[in-house]
Amino acid sequence: MAQALIVIDLQQALQDLDQRDQVVATVNQRIDQYRAANRPIIFIQHTEPGMEIGSQAWQLFEDLHALGSDTYYLKTRPDTFYQTGLEAFLKMNKLENIEICGAQVEFCVDTTTRVAYHLGFKVDLLIDGISTLDSELLTATQIKAHHAHIWEHRFAEFVTPATPLV
């Protein structure tokens, strides 16, 4: 159903994501589906101290199916829309339905999902294509389950690679 895929912060600094290889495989499957359907694939890269632009930590995962012809945005906040031009790009191209995947669940994925909803976008979440790290209080699995409970049917609908692109 979504018209564009947004891949958030799957960068070298987050190599220790929970179920990293499975998440990347799921995201790659979805990237391949979007590419075959000739739909936009948008990569978001976070930058901050320790993840400076061009540094190894800032680079996307090497096994991610990213191409130079895809669309890329830099961000400095958990909100993928904040001062990035993403909202203007989506609206200019009449892309009202977006699918989100990536990291980290409780920071950038959560903030972007809620802001996208607030901005009027229909949001799908590739539920097996999101991840995070364990915190001092909760495991990554608990963090993801907690946020999924909040998001589902409120801010977003969940999709899998088996969900057809219409």
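The legends below describe close-up views of a predicted model.

**View 1. The open sheet of six strands.**
The strands of this sheet lie in the order β3-β2-β1-β4-β5-β6, and their pairing is parallel. At the edges are β3, residues 71-75, and β6, residues 157-159, each of which pairs on one side only. From one strand to the next, the twist averages 25°. Strands of a sheet pair through backbone hydrogen bonds, either parallel or antiparallel.

**View 2. The pairing of β1 with β4.**
Strand β1 covers residues 4-8 and strand β4 covers residues 97-103. Five bridges join β1 and β4 in the parallel sense.

Helix α1, formed by residues 20-36, lies across β1, β2, β4, β5 and β6. Within this group, β2 spans residues 41-46 and β5 spans residues 122-131. The helix α1 runs at about 140° to β5. Helix α4, residues 140-151, also packs on the sheet, where it touches β5 and β6. The direction of α4 makes about 165° with that of β5.

**View 3. The contact of α3 with α4.**
Two packed helices are described by the angle between their axes and the distance between the axes. For helix α3 (residues 105-118) and α4, the axes come within 11 Å and cross at roughly 10°. Angles under 35 degrees count as roughly parallel, so α3 is roughly parallel to α4. On the α3 side, the contact consists of Val 105, Glu 106, Val 109, Asp 110, Thr 113 and Arg 114. These meet Ile 143, Lys 144, His 147, Ile 150 and Trp 151 in α4. By class, the residues of this contact are five nonpolar, two polar and four charged.

**View 4. Cys 101 and Cys 108.**
The structure holds zero disulfides. Cys 101 is in no disulfide, and the nearest cysteine sulfur to its own belongs to Cys 108, 13 Å away. Seen from the other residue, the closest cysteine sulfur to that of Cys 108 is in Cys 101, and at 13 Å the separation is too far for a bond. A disulfide would need the two sulfur atoms within 2.5 Å. Cys 101 is buried because its relative accessible area is 0%. Cys 108 has 7% relative accessibility and therefore counts as buried.

Terms used
Residues numbered from 1 in each chain as written. Predicted model: local features only at pLDDT ≥ 70, side-chain atom pairs only at ≥ 80, totals over all residues. Heavy atoms only, no water. Pairing = 2+ DSSP bridges. Helix = DSSP H or I, 4+ residues; strand = E, 2+ residues; numbered from the N terminus. Axes fitted to C-alpha atoms, helices over the stretch in contact; angles between N-to-C directions. Contact = heavy atoms within 4.5 Å. Parallel < 35°, antiparallel > 145°, perpendicular 65-115°, else oblique. Nonpolar A, V, L, I, M, F, W, Y, C, P; charged D, E, K, R; others polar. Buried < 20%, exposed > 50% of the residue type's maximum accessible area, 1.4 Å probe, protein only.
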